Amino acid sequence: MQFRKPLYPLMLMGLLSLPAIAQQKNKEKVPAHTPAKDRLDGYQQRLKLQQNSLVNNVPFRNVGPTVMSGRVVDVDVNPNDPTQFYVAYASGGLWRTLNNGISFEPLFDKEAVITIGDISVDWKTNSIWLGTGESNSSRSSYSGVGIYRSTDGGRTWQNKGLPESHHIGRIIQHPTDPNTVWVAALGHLYSANPERGVYKTTDGGTTWKHVLKGGNDNTGAVDLVVDPANPNNVYASLWHRERRAWNFVEGGNTSGIYKSTNGGETWQKVGGGFPSSDGIGRIGLSIFPSNPKILYASVDNQDLRSDVKATPTAGNRLRKEQFKDFTKEDFLKLEDATINAFLDDNNFPRQYTAKSVKEMVSTDKIRPVALSDFMVDANSAMIETPVTGAQVYRSDDGGQTWKKTHTGYIDDLYYTYGYYFGVIRVSPMNPDHVYILGVPLLKSEDAGKTWKEIGGPNVHSDHQDLWVNATKPGHLVNGNDGGINITYDDGKTWFKANTPAVGQFYSVAVDMATPYNVYGGLQDNGVWGGPSTYQASQAWTDNGRYPYQRLGGGDGMMVQVDFRDNNTVYTGSQYGAYFRLNKATGQRLSIQPKHNLGERPLRFNWESPILLSRHNQDVLYFGSNKFHRSLNKGENMEALSGDLTKGGRVGDVGYGTLTVIEESPKRFGLLYTGSDDGLIHVSRDGGYTWTKIVDKLPENLWVSSISASVENEGTVYATLNGYRWDDFTPYLFVSNDYGKTWKRIGTSLPKEPLNVVKEDPKNPNLLYVGSDNGLYVSFDKGQSFQAFGGDALPSVAVHDLAIHPRENDLVVGTHGRSLYIGNLTHVQQLTPAVQSKAVHVFQVTAPQYSDRWGQRFGAWNDAFQPGMTIPFYVNTAGTTTVRIKTDKGQVLKETKDQSERGMNYVGYDLTVDATNSSAYERALNEGRKAGDPVKVTPSMDEKLYLRPGKYIIEVEANGTKSTQEFTLRAPERRGRE
């Protein structure tokens, strides 16, 4: 294969990964992609695990945040009533609003996947076509299983095929024939496949015809437009792209624009004047409806610029590029002040000064180019590689010829990651008004000659979709990585319409405050922290205090919190740009390890692992391609290991990096690391020596998590992830001898890549596993699994889990639906002995009695009503009777419940049935001394409430009874003086 990438990133990654080149000489064993049939069979397996689960009813609550959203991929607005629209999120499902974004409801939560590439709505018939699998080709772009259709506004769905498409770029419906639809299928992200290109159906999706192929198994269709006046004229853009864990080829000469004049039956490549080099990447299309001969196209051009000029600097300051050409003699002639200014400007460690660096050069310890090499990292490569970038072309003759609309470059729109964007829109009211979407949102009012940014201070960057009103000038609905923004004045002012909890969390952590806080890093949306008691509410817009606060920017990554003060936080952004934060003062300290001048640069994963030792919280561990340790809270980082990966690979994506660090909860210094190229190491001496422990494990997989046992020092669990090979096998392993040997477990799990495994800290028989499509629990150390989360948790990617050591809560970090919390107390108590019972009632938590129960405060307020939950287990589904009794056995209330096999939760409002009020009054007065008798009278809401005292819950099922006592305590009263 001929590389089509810019030279600079290849040189960069060659520098970072050179020792690994030798390993490529041998034929490597790589995982095969999972066929669509196996994935759909896996969906059926997931449904079985849900149907047979004992814990479907365990409550989970979403704890936000909502103000910071997740990536939007499509917006479809009702042209006759723009307050109604659908929003499709990359990994958060489909949502609908009927009130201009004030509130939303989800519509696509229980299908095989909830990741979406595109939707198309017929507002006349209330029919929706939905393509699963987003087209952005990002690190966390989850693949779909084809096309779905709803004919009832999203209430029900039918799968309409194309399961190997994986990623859908666009769906276009015929303007007058609801059964004719065109689909742009991009194909697999991490493997080649022939099922790419344009598909057409004329029978509502029953059958499909592959009408346009890309010429090779790496070229698919990413965009489509149709002539509204003559739907025989259809335009498609094809995109050649090849993504691997270590490299991304973003373009090729098979990328281009194609046109059909017979409804998609045959096609011709068009575009006289349109670029066609090896660097042509993603192409976006837009057609002017009033004159369909006018089309615009945006293109991500990855060819290197031919007129690259050196970056200017102020005065005589040095540039890093200069050091590549300096001889030893030239460098030694430089003034010390000039060198020191360069070192300061580029944040070199304080140990390096002009004097010390000149000494290193003069003694040949380093060459001058080492100063440039020292600054090479993956982040700078993304920004500084001099690619052509975004370009805009216009055709006035139906696509036959094209002209570039601008003379210079459209800078600071794409950089090297134009694959992440690709949307252009022409205003339906003016053919010269054009919008192009990238990191900023740009508008041109002169047919693309000049551009200006129209985003606002409350508008997130990274723009993914834009709806332009065809009848009201200036009305735009923008979907971006931070959610939805709406403007009515063409971008002068915007409001944010974020109420769904659709954040894309990479990680989750907790502190020990009361109530405790949850923290996490989000894709493109920084690091946030907020209270575990969060409940979504608009009250913050009145009091000005949103419960969550941003702690850092960029792409938010891992978080660790010092439990001793709940104030010292370690976190950061992509490629290891981490810091220590004092939340009270805002003081930050960079903690990213640095290599020494002259050494090969360290390699950092997109989500670099950090771990704060719970045995000694002054000790912080950090992973690059090496293992680093600090004994003083990150003040100094020491590399204790050599390279713990296979050494990297030549490519333009950081690879050959550590992904996991784990420490045994039983012994300080018993450590494990995992890498993105499939290696696991163990150290028993605090990181000084390491042993590779991957014999007989599958090769070349991403080590996504490691969990050391709290029960047995030698037991450790690991999940391996084949997502970056399009391998959806659930790889879960356990070792009972520190990794010397491994056993495969979790074979009942569906075909879904695994992201995290956690052993329960109180019941080591319990394992929790998060996959790309949900949450699972095992009661027998991984031999079998059940679905977890029930209706509360959709089929969303679960990236990370945290178990709060005090509150016994499981905190679930999802990549698409923000954070969930469920309490584990009853799950931990669901032992084999309890499961063998016909019925078992768990201990309940009763509120404190209040004489305000049932009272109404204010003429228009609802009455204040208490409640508690009765948790119980039954081993057979059926009718269950729940009774509330006095401690003497007098029945006060009885209710029936249609219980499911497993855990059940019945709400109780602490009332007494009116028919039992007299008996209850007698029981309250029995044995009382002379005086005023207790009267049982209705409250203001006409309900009879329990009085303080002891009570019994009795649950009867299958002819068997189980009881549990609870006490309703009176409030403490002040003594009389």
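This note goes through the predicted model from the whole chain down to single residues.

1. Basis. The model is predicted, so local features are taken at pLDDT of at least 70 and side-chain atom pairs at pLDDT 80 or more, while totals for chains, interfaces and linings use all residues. Residues are numbered from 1 along each chain as its sequence is written, and side-chain values use heavy atoms, without hydrogens and water.

2. Secondary structure. The chain contains 67 strands and 11 helices. These elements are DSSP runs numbered from the N terminus: H or I of at least four residues for helices, E of at least two for strands.

3. Overall dimensions. Along the principal axes, the C-alpha atoms fill a box of roughly 105 × 75 × 60 Å.

4. Burial and surface. Of the 977 residues, 61% are buried; buried means under 20% relative accessible area, exposed over 50%, and partly exposed in between, with a 1.4 Å probe and protein chains only. The chain exposes about 39000 Å², of which carbon and sulfur atoms supply 47%. These areas come from the Shrake-Rupley method with a 1.4 Å probe; for residues, only the protein chains shown count as cover.

5. Contacts. Among contacts with a separation of 6 or more, 58% join residues 24 or more positions apart. A contact means heavy atoms within 4.5 Å.

6. Charges. The chain carries 104 positive and 105 negative charges, and their mean positions are 2 Å apart. Lys and Arg count as positive and Asp and Glu as negative, with His and the chain ends not counted. Each charge is placed at NZ of Lys, CZ of Arg, CG of Asp or CD of Glu.

7. Largest nonpolar core. This core has 27 residues, and F872, L946 and I953 touch the most other members. Strands that each supply at least two residues of this core include β60 (868–874), β61 (878–886), β66 (949–957) and β67 (960–968). A nonpolar core is a set of buried Ala, Val, Leu, Ile, Met, Phe, Trp, Tyr and Cys residues joined through side-chain atoms within 4.5 Å. In soluble globular proteins, nonpolar side chains tend to be buried together.

8. I283. This residue lies in strand β20 (residues 280–287) and is buried, with a relative accessible area of 0%. I283 and V222 are 61 residues apart in sequence but 7.4 Å apart in space, C-alpha to C-alpha. Residues up to four places away aside, the contacts of I283 include V222, L238, I257, F274, V299 and G422.

9. Cis peptide bonds. One joins G64 and P65, with omega about 0 degrees; P65 sits in the loop between β1 (60–62) and β2 (72–77). Another joins T514 and P515, with omega about -10 degrees, and P515 is in the loop between β32 (509–510) and β33 (517–522).

10. Positive phi. A447, in the loop between β26 (441–444) and β27 (452–453), has phi near 65 degrees and is buried at 11% relative accessible area. D524, in the loop between β33 and β34 (526–531), also has phi near 65 degrees and is buried, at 16%. Most residues other than glycine have a negative phi, and most peptide bonds are trans.
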